[in-house]
Structure formats: C-alpha cells, structure tokens
Amino acid sequence: MTGWQQLLQAAAEPLSAFEAVLLDPERAQIDVLMRILRANADCEFGRAHDFTAIRTVADYRSAVPVRVYADFESQINRMAYGEAGVLTSGPVIAFEETGGTSSGSKLIPYTDECLASFGNAVLPWLAELARRRPGICAGKTYVSISPATRQQRETMGGIPVGLGSEAAYLGNDLVGAFLSILAVPSEVAAISDVSDWRLETLTALIECEDLTFVSVWSPTFFLALIEAIPAQEVTLVLKLSAAARARMAAFLHNGAKDSSLLWPRLDTVSCWNDGSSAHFAARLASLCPQAQIEPKGLFSTEAALTLPWGGKAGCVPALTSTFTEFVDKHGKPHLAHELDEGAQYRGVITTPGGLYRYDMGDRVRCIGHEGDVARLVFEGRTGMTSDMVGEKLTEAFVATALSALPCAAALFPKSVPKPHYELWLDETANDPARAALVETALCRNPQYAYARKIGQLGALVPVLKAGFVTERHLAKIHAGKRLGDMKHASLILD
C-alpha cells in the first residue's frame with residue numbers, strides 16, 4: 001500500500017463523520033463543546049468555572065466570558081514552567097509559538113486531544129480534496145506548515161516548543177505514510193542556515209518531476225522559493241541530475257514564468273487566497289498554470305476554524321474540530337447554523353488545548369449556505385493589524401518597536417515588488433541605524449522574523465518623510481476630523 005493509499009484509508013472514517021455532521025451542524029458543535037468541558041472539568045480553570053454544571057451553550061456563555069490572550073497568559077506561563085492541570089486536565093505535550101501580541105509572541109499549548117482536533121479537520125479536508133482532485137495522489141507532495149529552519153527548544157519546564165513535524169497533525173500511526181510521499185525530506189526543515197535550507201529545498205523540488213501537490217500557508221512562501229531559482233542557478237547546476245538541470249534550463253530560458261516546465265504534473269497548490277493573500281495567490285496561479293489554486297481555509301496555530309469543501313466558493317466551519325462562536329457587529333454570539341448571508345463575524349473559539357471563548361481576532365463573512373451550513377470567507381483581522389504573509393504585526397507591537405527612535409515614525413505595508421514594510425521617519429537626515437534598530441525589534445515577533453528569514457518579506461525600507469505626521473493630521477482636519485480626536489498611528493494601513 002502506498003503512502004497516499006494509507007492516508008486516504010485512514011481519512012475515510014473522518015470524511016464520513018464530517019459529511020454526517022454537515023446535516024446537523026448545531027448538534028455537532030454542542031457535542032464538541034460538551035466533550036471539551038467534560039474532558040477538562042477537573043483542571044483548575046474547569047473547577048473555577050464549574051464545568052460539571054454546564055448543560056447548554058447558554059450555561060457556558062454565562063459561566064465563561066469572552067477572553068483574549070492576555071487573560072490566559074499567566075496560566076499559560078505556569079504551564080510552560082511545567083505546572084499541570086491549569087487549563088487542561090491532560091498534559092501539555094508541546095507549545096507552538098505565534099505572533100499577535102504587544103510583546104511580539106505568544107505560546108499556544110497543545111495536548112493530545114488538541115492535536116486530534118486538528119486531525120479532525122485535516123483528514124476530512126484531504127480526503128474530500130483527493131476525491132475532487134485525484135491527481136494530487138499520483139506523485140509527491142511538498143508540505144510546509146511549521147516554520148522551516150526553526151531550531152527545537154524547550155520551555156523552562158522542559159516542554160518542547162514546536163511539534164517537530166507536520167505529521168504530528170495526522171497522528172503517530174500515519175507518520176510513515178506521510179514521510180513516504182514528501183518531495184523534500186523532512187530533515188531539510190531542520191537546517192538552521194536559511195541559505196542552505198533554501199538550496200536543499202530547491203534541489204529536492206527541482207529533482208521531483210512527479211510533484212503533484214503543494215500545501216503551504218501563504219502563497220508568498222512558494223512564490224519566494226520559485227523566484228529564488230534564477231539567483232541559485234549556478235549552485236543548483238552542480239547539485240542537480242542531468243534531467244533536472246534540463247528542466248531548470250527550460251524554465252529559466254522561458255523567463256522563469258512557467259513552473260510547468262519544472263513540475264508538469266503539479267495538480268493543486270493549497271494556500272491562503274482570501275484577504276491580503278488574494279493578490280499573491282493570483283500571482284502564484286499565473287506562475288503555475290498547470291495547477292489549481294485551492295483555498296486553505298482558516299487554520300491557525302490555535303485551532304482550525306474553517307476548511308475548504310466541495311470546490312465551491314468559501315469554506316465551511318470545522319464542525320468536528322473546534323467549538324466556534326461567530327460574534328456579530330453588535331457583540332452577539334451565534335453558532336455556525338445561525339449566520340446571515342452577507343454578515344461579517346469575529347471568530348471566538350473553544351479548543352481541547354485550553355483556550356475557552358478565546359477571541360481569535362479573525363473576521364469572516366458569510367457568503368451563502370449549503371443546507372444549514374454557512375460558507376465563509378476570511379476578510380482579515382480585527383483591530384489595527386498588518387498580516388500580508390502571516391506576520392501578524394499589531395499596532396501595539398509596532399508602537400513598542402518604534403518607541404526607541406528619537407523621532408516620530410510609522411510602518412507602512414507595501415505589496416510590490418514583493419511584500420515589505422516602509423519605515424517612514426519624520427526627519428531630514430538619513431541614519432541607517434534607525435532601520436536596523438526597528439528591524440531588530442520587529443523580529444521579536446516570530447512570524448515576522450521567519451518571513452524575513454526565508455524571504456517572504458523584503459527588508460525594511462527607511463523613507464525620509466519630514467513633516468508627514470503633521471500632513472496626515474491636516475488631511476484629517478480637512479476631512480472633518482477634530483485634532484483633539486487624533487492620535488499618531490505607528491502602523492498605517494490606509
């Protein structure tokens with residue numbers, strides 16, 4: 001049995017289960033919530049909020065208010081030091097790191113039940129995709145979900161930070177099958193030097209003529225790899241086989257604009273294609289005319305919220321994975337079967353990993369229904385956040401990064417010629433140390449640092465804009481705003 005056959009055999013039951021819950025999304029979500037509450041009733045948080053007494057969704061909402069990361073941070077820090085039974089009854093097996101706070105990074109706890117919840121979304125998605133796009137199973141796959149070049153480390157309590165392999169999301173029984181279908185050996189991801197990692201990754205990919213499926217988060221990740229080939233040509237020639245060199249030569253001779261000359265059998269590329277990623281997904285589609293760009297759904301470090309389904313516009317809620325409340329503009333929470341077409345909602349999740357009514361800050365819009373199930377598209381993040389390639393820079397974090405500068409400054413996201421940030425400085429003399437200082441501070445956000453390291457984000461570009469703060473304020477006055485209502489923004493998205 002091939003690796004793909006093993007994966008699809010294991011996914012058959014989760015696929016059937018997910019198809020069944022689509023017929024009764026309300027029951028499915030209540031079951032997920034009650035399973036999480038019963039499993040964690042004996043932890044500190046569960047006892048404090050009397051999980052054993054909760055019988056309905058209304059009971060749960062009364063017992064637990066909506067929270068943000070700062071409300072969990074002290075408890076997560078205790079867990080990182082090794083304290084058990086704080087937010088979950090089961091042990092924390094690992095933490096994953098993500099951005100989005102004023103300090104730049106946050107730890108998300110993972111338990112075995114948490115990993116299983118991701119599998120409850122990944123396996124049905126993969127099986128349904130393979131049913132529609134059987135060509136993905138005819139060759140090798142390139143998967144990059146966890147950050148490449150990341151060195152394993154532990155918390156002060158000895159708990160790993162990082163799962164080590166994307167196979168963890170599928171379960172231990174499927175590790176061998178998963179590894180057997182990879183175009184790039186899993187150990188390449190552990191190479192710490194980004195130049196060496198990129199060279200080894202490109203070598204393996206170009207050698208893989210039977211690449212049929214690519215799964216990444218941001219389209220800029222795969223774009224950056226393909227666009228790095230011309231600069232790596234001389235070194236790659238020395239490492240590639242004759243057949244691979246010939247394909248690369250044809251690709252470069254054609255202006256490096258048609259990846260079908262490298263991977264003629266590439267069938268599908270799964271990546272974000274909503275919100276700020278739409279422009280880059282279109283660029284990737286142009287570069288990969290032989291493949292379909294498949295939406296990724298809303299998977300985050302914290303949880304799976306939505307997954308693509310049926311090849312139609314929008315995604316469906318991850319009904320068997322996460323208990324999700326959709327909060328409307330009035331602050332009223334709704335379940336997945338209660339959403340209105342055209343309305344926008346904010347995702348609030350409850351997970352087996354110890355996040356209870358956790359405000360994700362992600363905005364989705366309901367674009368229609370299939371039976372009782374809403375179809376959703378990701379529209380961005382709430383608040384002042386820039387997230388071009390997954391870096392999640394918040395206004396609060398950027399303000400902290402700029403606070404050491406002796407002049408007024410602001411960060412502006414730019415999408416061309418590649419995603420990068422301009423650092424506008426309200427002064428007349430250029431000092432290279434300014435940009436270096438800010439770049440160091442921004443790299444405290446692990447997603448920003450990773451995107452810079454692998455080339456998804458270009459270097460910070462300092463721009464002298466003496467008087468720009470005053471000019472922006474005057475423009476707002478002319479637009480009818482009161483000067484007393486204005487504050488200087490450190491992150492400017494308009």
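Visitor: Why is Y448 called buried?

Guide: Buried means under 20% relative accessible area, exposed means over 50%, and partly exposed is in between, with a 1.4 Å probe and protein chains only. Y448 has a relative accessible area of 1%, so Y448 is buried. A word on the source: this is a predicted model, where local features need pLDDT of at least 70, side-chain atom pairs count only at pLDDT 80 or more, and totals for chains, interfaces and linings use all residues. Residues are numbered from 1 along each chain as its sequence is written, and side-chain values use heavy atoms, with hydrogens and water left out.

Visitor: What makes Y421 and Y448 an aromatic pair, and why is the pair called tilted?

Guide: Rings of Phe, Tyr and Trp (its six-membered ring) pair if their centres lie within 6.5 Å; planes under 30 degrees apart count as stacked, over 60 as edge-to-face and the rest as tilted. The centres of Y421 and Y448 are 6.3 Å apart and the planes make 55°, which gives a tilted pair. Y421 is in strand β19 and Y448 in helix α15 (residues 446-454), 27 residues apart. Helices (H or I, at least four residues) and strands (E, at least two) are DSSP runs, numbered from the N terminus. Y421 counts as buried too, because its relative accessibility is 1%.

Visitor: Which aromatic pair involves F299?

Guide: W217 and F299 form a tilted pair, 6.2 Å centre to centre with 45° between the planes. The two residues are 82 apart in the chain, each in a loop. F299 has a relative accessible area of 10%, so F299 is buried. By the ring rule, the count comes to 20 aromatic pairs. Ring pairs also link F45, F51, F72, Y356 and Y358 into a cluster.

Visitor: How do you know that β19 pairs with β20?

Guide: Two strands pair if DSSP finds at least two bridges between them. Four bridges join strand β19 (residues 420-425) to β20, and the two run parallel. L423 stands opposite P462 in β20. These strands belong to an open sheet of three, in the order β18-β19-β20, with mixed pairing. The edge strands are β18 (409-414) and β20 (461-464), each pairing on one side only.

Visitor: What makes β3 count as mostly covered?

Guide: Four of the five residues in strand β3 (residues 140-144) are buried. Five bridges join β3 to β6, which run parallel.

Visitor: Why is α1 called roughly perpendicular to α6?

Guide: Axes are lines fitted to C-alpha atoms, for helices over the stretch in contact, and angles run from 0 to 180 degrees between N-to-C directions. Angles under 35 degrees count as roughly parallel, over 145 as roughly antiparallel, 65 to 115 as roughly perpendicular and the rest as oblique. Helix α1 (residues 3-21) and helix α6 (residues 112-132) pack at about 105°, with axes 7 Å apart. That makes α1 roughly perpendicular to α6.

Visitor: Where is K392, and is K392 buried or exposed?

Guide: K392 is in the loop between β16 (385-386) and β17 (393-394). K392 counts as buried because its relative accessibility is 13%. Its phi is near 50°, a positive value in a residue other than glycine.
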